[in-house]
Amino acid sequence: MSTRPSDSARASHTAVVGLQWGDEGKGKLVDLLAPDHDLTVRYNGGANAGHTVVVGDERYALHLIPSGILVPDCTCVVGNGVVVDPWKLLEEIEGLRGRGVEVSENLRISTRAHVVMPYHKLLDNALEEAISGQRGGAIGTTRRGIGPAYADKVQRSTAIRVGDLRHRDRLERRLETILSLRTRQLRSLGVEVGDELSLPRLLEESLAAGDALAPHMADTTWLLHDAIDAGKSILFEGANACLLDVDHGTYPFVTSSNCSTLGIPAGTGVPLGHVDRVLGIMKAYSTRVGGGPFPSELHDEIGDRIRERGREYGTTTGRPRRCGWLDLVAAKYTAMVCGVTGIACTLFDVLGGLEEVSLCVGYRLPDGSVTDRFLPDAEDLMDVEPVYETMSGWHDPVDPPTDRASLPDAARRYLDRIESFVGVPIEIVSIGPERSEVLVAAS
Ligand code: GDP
Ligand code: IMO
Ligand code: MG
């Protein structure tokens, strides 16, 4: 039986979570914090995520592999809450190896994680097309099969887990039933089903992927608890973001997992009480890719300027991101839901050079009243008008700032207002994509 180290020997564990609609710079922050941790673990999502890490002239886009992979001696864990497209994962592993990044026993994948199959992607596509006429349009998914894969997980009888990829008999039995159901469903949606969904072909391809991934497969629940018992420190990496959380986001314009920190226990097997520090990642403005309400969206040249300066094009799909002012009503809500202890305000450099900047501090409802509480209903959110506080902007500093105190006065006032509204300190200000481009609060 293992013995727990005394409290004083207990290592500290951190969570990194997106406070908006994704793409807040979580990859950069995980890469920055990973050297202070022994393990990095993804607890949700799948290849819908696109986490960018910039190291010198090299730019990495990570989808399924945790962003700690570029840090030597950091073990990366794909937790049970993730949905794994095995072929995408193998492609990602090979891509990293081809660039000289070590991916061996430093990558561990939960045998409990669920598998994204080709029929999930076909279904995702077909369902998006089928609902495109609804109010607000389609969800605008990444079409990576995420929703259908999580639906099968909850359905149980039609699910396949990573561990199943190593058992021919079991896999064949399951696939036989699933393929007959899914083929009929896809045909009823007008999708032509080809040889890629034939049982012999998918079975052999799945088993081959299972063989290739076998050296990485593990019971990651025990792995994480053994690491905790050994006094090791864990960094939990959230994919997607709190406003895309299936329970707490702008439903139904969300993804299909618990991307808030509330997904950590279920997605890793580590109780929430173990997380000491929750760093909420928040852009200095807002973006969203795909459909759904976005009260502070800008449809003018300021929105275009933010998109171009911030290179706001999807890491996974290349789609232009919708841009708008920072929504503090939403941020206060997500910081509360995620139990955020500190904020990293990213892409702060992008706002430089604007004459004025605005912060959304309330929503005006159709009856004329104003609330500072985020609304639970996406259709209601589509009908609110943002209430703004507008402040002076600031010029880009001639010399790169070295700390928060060396930022222009107006920039500091902007950060102060965020802190006072959300009620959480800003611990890190990110002023560029590279690892070194951060201003860290004096401790
Ligand atoms: P993630 O999904 O939350 O990891 O974020 P993405 O990687 O999808 O998108 C964030 C983008 O902003 C990436 O291109 C990053 O390289 C870039 N980035 C991160 N922090 C900063 C910053 O402080 N300033 C600028 N200009 N770019 C940043
Ligand atoms: P990272 O981790 C931005 C959005 C999609 C779509 C909705 C549902 O890079 O921040 P899905 O394919 O998950 O069923 O799509 O969620 N979405 C993201 N948007 N960043 C992400 O991840 C996202 N993951 C999902 O655009 O609106
Ligand atoms: Mg992203």
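1. D304 is partly exposed, because its relative accessibility of 40% falls between the limits of 20% and 50%. The model is a predicted one, and the accessibility is computed from it.

2. The salt-bridge partner of D304 is R307, and their closest N and O atoms are 3.0 Å apart. Both residues belong to helix α9, where three residues, or about one turn of the helix, separate them. R307 counts as buried, because its relative accessibility is 15% and the cut-off for burial is under 20%.

3. R321 forms a salt bridge with D23, with 3.0 Å between the closest N and O atoms. R321 lies in the loop between α9 (301-309) and β13 (322-324), while D23 lies in the loop between β1 (14-18) and α1 (26-33); the two are 298 residues apart. R321 is buried at 6% relative accessibility, whereas D23, with a relative accessible area of 22%, is partly exposed.

4. This pair also belongs to a network of salt bridges, in which D23, K283, E312 and R321 are linked.

5. E129 and R143 form a further salt bridge, the closest N and O atoms being 2.8 Å apart. Because E129 is in helix α3 (residues 118-130) and R143 is in the loop between α3 and α4 (146-155), the pair ties together parts 14 residues apart in sequence. R143 has a relative accessible area of 31% and is partly exposed.

6. As for the total, the count of salt bridges comes to 25.

Key
Residues are numbered from 1 along each chain as its sequence is written. Chains are lettered from A and ligands numbered from 1 in the order in which they are written. This is a predicted model: local features need pLDDT of at least 70, side-chain atom pairs count only at pLDDT 80 or more; totals for chains, interfaces and linings use all residues. Side-chain values use heavy atoms; hydrogens and water are left out. A salt bridge is a side-chain nitrogen of Lys or Arg within 4 Å of a carboxyl oxygen of Asp or Glu. Helices (H or I, at least four residues) and strands (E, at least two) are DSSP runs, numbered from the N terminus. Buried means under 20% relative accessible area, exposed over 50%, partly exposed in between (1.4 Å probe, protein chains only).
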